[in-house]
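Here is a friendly walk through a protein model. Keep the sequence and the 3D view open as you read, and look up each residue as it comes along.

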Amino acid sequence: MSERPRKGRPVSFAPITPERPQPDPVLGLKFAIEARHGGTVLVDMTALDPRPLAIAFAGALRRSAALGGAIGAASVIKQYIQVYRHFFTWLGDEAPKVAGVSDLRAAHIDGFASALERRGMSPIHRHITVSKVINTLRAIEADRPDRIAPDLYERLRYTLATSAGRSTPRDAYSPFVARALRDAARVDIDAMFRRLGTDDRIDERDPVIARARADVEAIIARQGFIAADQPALKSLYFMRLRRGLPISTLVDDLHGRHHLLARDLPALLVLLTLDTGLEPECLKTLTEDCLTNAHAGTVELRYLKRRARGAEHKSMRVRDGGGGTPGGLIRRLIGVTAAAREHLPGDYLWVYHNVGGLRAGIIDLKYQLPAWARRHGLVDDDEKPLHLLLSRLRKTHKALWYTKTEGHLARFAVGHSREVAARHYADLPSLRPLHEAAIADAFREAVAAAMPTVLPPAAEQALREAPEQAAPLMPPDTVGPLLDGEQDVWLAACAGFHSSPFAEAGSPCAQPFWGCLDCPNAVITARKLPGILAFLTFVEEQRRSLPASDWAAKFGRVHARITTQVLPAFSDAVVAAARRQMENERLYLPPEARA
């Protein structure tokens, strides 16, 4: 064989005939959409009129809900259908000549938005409602741009001309309510785990019922559940009925030894939300392999957040250990739901028995949550029946963590930017007392930092005996001269006349003489009380000659400082002696007091 390469031939491809564009698969107004999240949605738009416009909207909805479309959740599809009904009703009343997409104009969108505003709809809700019509028309325009009028095409660039405004954050529950919720959830969860897998000894005293019950239990173990019309269950039911035994909860009692029940879900969701702060929609979609990378008493919890476009798959570190930790509780749930998972497709964590069969995933808890709260007699801070919302539990977790971190955003903003954490999870009505207390503490610290050092006679004597206690205000060797009056100014002794907080270091203090009462360098002893009382008398005399606003601006703060902070530090006897000394002596008042 020669090493010389052979001459090749040009590559040729068979001609490709482009496929003809497929027509819209929606030929009618009644069809099913298999949502990516939430199951199948039955769409019925047959009542919408005009029909050509309804068919166009139905086709756009189906394309948007397909793989890669903007709509992924079954609940969102239902919201779109509800908005369509409102929009078509308005068109029938206000624009009866509209027959198809080509008849729609920008005025119709603005008219619908105005009608929603007159109805009292909030700006945010109105923005969300109109956006669904806008999104649908954009999808129609992307598929058939020739059907959209020019002015409507321009109108589709924005949703509303007015701002949607800022939403009011949902408030957290108080620590009192959070503690009650946590205690109730733990009681139910402990009872649930004791129930699962326990031996059946209820009917052992009646061999006939015991055998019938064993037959039913065998069917449940084999098939996962037993239907209400199966003969074995009917036989057990009527046996217990004839003997006067309880039958109202028989189906739940039979399945409750093998699987979770729907009534178990509220307690589990409440405790996990309070412990982890995970979003309710993320918690409901956890899978059996959600725990990974256990390390040092923690485990990584992986979850799906559909709202985070482009970053849906997320994780967080949670405590791991016994059943009292989030990781331990989820690990136990994975174990007790394994039997039910064998009879259902998918890898859902939440598999349970409800209404005659096994269910996978949590869709709606609007009945179970209020029933669970009523069963435990839960009340709010006003002693009224508690309205339980899972979304408020997440806010509660965040509020408790905010309190624990003392508002430190770098530690508090876990899983959010600092701006989102501050706006949505820190700016809550229930945290307002904490913020107000922090502001009050800051003001008190500022006032304390500007306060002079007031030394009653006992404290003055103690400082003379132990001058090292004066640090860091002054060196110990300057304590004696200061207390003896060698560094006196008009209203106090000054521990740093050339280190004033109101002037550059090394320069003399340029404040008026009553500025000592706002200076941390000032030291007030009983020897200075006569001068302070004389100045107080002058200030109160000025109240009679000056307008109230002028007097408050010039003397209000110093008057409050003397009457509420300086004089109360001395005993009545010391103040009385200083007042007598003031009356017997003629004290000089500096000229700037009258300026």
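The report below takes a hairpin, a group of rings, a sheet, a helix and a loop in turn.

## About the model

This is a predicted model, in which local features need pLDDT of at least 70, side-chain atom pairs count only at pLDDT 80 or more, and totals for chains, interfaces and linings use all residues. Residues are numbered from 1 along each chain as its sequence is written, and side-chain values use heavy atoms, with hydrogens and water left out.

Helices (H or I, at least four residues) and strands (E, at least two) are DSSP runs, numbered from the N terminus.

## A hairpin

Start with strand β1, residues 30-34, where the side chains alternate. Phe-31 and Ile-33 point to one face and are buried, that is, under 20% relative accessible area, with exposed meaning over 50% and partly exposed in between (1.4 Å probe, protein chains only).

Strand β2 (residues 40-44) runs antiparallel to β1 and is joined to it by 5 bridges; two strands pair if DSSP finds at least two bridges between them. Glu-34 has Thr-40 of β2 as its bridge partner. Together β1 and β2 make a hairpin with 5 residues between them, and Gly-38 in the turn has a positive phi of about 105°.

## Rings that meet

Rings of Phe, Tyr and Trp (its six-membered ring) pair if their centres lie within 6.5 Å; planes under 30 degrees apart count as stacked, over 60 as edge-to-face and the rest as tilted. The count by this rule is 9 aromatic pairs.

Ring pairs link Phe-57, Tyr-80, Tyr-84, Phe-87, Phe-88, Trp-90 and Phe-112 into a cluster.

Next, find the open sheet of 3 strands, which follow the order β4-β5-β6 with antiparallel pairing. β4 (291-295) and β6 (313-319) are at the edges with a single partner strand each, so one side of each has no neighbour in the sheet. Strand β5 (residues 298-304) pairs with β6 over 7 bridges; there, Val-299 has Val-318 of β6 as its bridge partner.

## A helix with two sides

Which residues of α23 are buried? They are Val-575, Ala-578 and Met-582. These residues sit on the same side of α23 because they cover an arc of only 65° around the axis, taken from the directions from the helix axis to the C-beta atoms. The face turned away from that buried side carries the exposed residues Asp-572, Ala-573, Arg-580, Glu-583 and Asn-584.

## A loop residue

Finally, Arg-527 is in the loop between β11 (522-524) and α21. Arg-527 counts as partly exposed because its relative accessibility is 37%. Arg-527 and Pro-456 are 71 residues apart in sequence and 9.9 Å apart in space, C-alpha to C-alpha.
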